[in-house]
Amino acid sequence: MSLCQLDQLADQVSAIEKSISNGVKVPEVQITTLIEMLMRQAIKLESISAEGDASAQKNLQGKRVQKCVETLDQLKVSNARISLSLLQPSGKPLIILHPRPRGNYSIEFFLFFFGNKLFD
């Protein structure tokens, strides 16, 4: 396992964290895949035998992987709370999808009338 690989994965965690904190819903599969990739890195770390400074570095990187996985687990929960919405060109919501338990979505249609016409 190279530090470069772990750095890249940590950068992806940061990017997902930024998106979710800005209210942008991230596909759950993206979060799950990243968790799996980090877990593979953890397994690789465990297979390395090291002593002295190398052992300390190994432990440090193991804690880094663990922190990334914990962050992603928390982000998964936050991400599930974000509503999806489809917007009209005017920016007004047309359809808003609200997350429900078990990953189902309720759909609310918002119809905006312009005079007697419905969406030209």
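**Exercise 1. What percentage of the contacts in the chain with a separation of 6 or more is accounted for by residues 24 or more positions apart?**

Solution. The structure is a predicted model, in which local features need pLDDT of at least 70 and side-chain atom pairs count only at pLDDT 80 or more, while totals for chains, interfaces and linings use all residues. Residues are numbered from 1 along each chain as its sequence is written, and side-chain values use heavy atoms, with hydrogens and water left out. A contact means heavy atoms within 4.5 Å. Among the contacts with a separation of 6 or more, 48% join residues 24 or more positions apart.

**Exercise 2. State the order of the elements from the N terminus on.**

Solution. Helices (H or I, at least four residues) and strands (E, at least two) are DSSP runs, numbered from the N terminus. The chain has three helices and five strands. Their order is α-α-α-β-β-β-β-β.

**Exercise 3. Describe how α2 packs against α1 and α3.**

Solution. Two packed helices are described by the angle between their axes and the distance between the axes. Axes are lines fitted to C-alpha atoms, for helices over the stretch in contact, and angles run from 0 to 180 degrees between N-to-C directions.

Step 1. The axes of α1 and α2 cross at roughly 155 degrees and come within 11 Å. The two helices are therefore roughly antiparallel, a term for angles over 145 degrees. Residues of α1 that meet α2 include L9, I16 and I20, and those of α2 that meet α1 include Q30, I31 and L38.

Step 2. For α2 and α3, the angle is about 165 degrees and the axes are 10 Å apart. α2 is therefore roughly antiparallel to α3. Among the residues in this packing are I31, L38 and L45 in α2, and V65, L72 and K76 in α3.

**Exercise 4. Which residues have the most contacts inside the largest nonpolar core?**

Solution. Step 1. A nonpolar core is a set of buried Ala, Val, Leu, Ile, Met, Phe, Trp, Tyr and Cys residues joined through side-chain atoms within 4.5 Å. Buried means under 20% relative accessible area, exposed over 50%, and partly exposed in between (1.4 Å probe, protein chains only).

Step 2. The largest core has 18 residues, and I16, I20, I31, L34, L38 and L72 have the most contacts inside it. The elements α1, α2 and α3 each give two or more residues, with the largest share, six residues, coming from α1.

Step 3. Leaving aside neighbours within four places in sequence, I31 is in contact with I16, I20, V26, L72, K76 and N79.

**Exercise 5. Which side chains meet in a salt bridge?**

Solution. Step 1. A salt bridge is a side-chain nitrogen of Lys or Arg within 4 Å of a carboxyl oxygen of Asp or Glu. A search of the whole structure finds one.

Step 2. The side chains of D7 and R64 form this bridge, at 2.7 Å from N to O. D7 lies in helix α1 (residues 3-21) and R64 in helix α3 (residues 53-80), so the pair links distant parts of the chain, 57 residues apart.

Step 3. D7 is partly exposed because its relative accessible area is 33%; R64, at 28%, also counts as partly exposed.

**Exercise 6. Is T71 buried or exposed?**

Solution. T71 is found in helix α3. Its relative accessible area is 13%, so T71 is buried. Apart from neighbours within four places in sequence, T71 is in contact with V13 and E17.

Conventions. Parallel < 35°, antiparallel > 145°, perpendicular 65-115°, else oblique.
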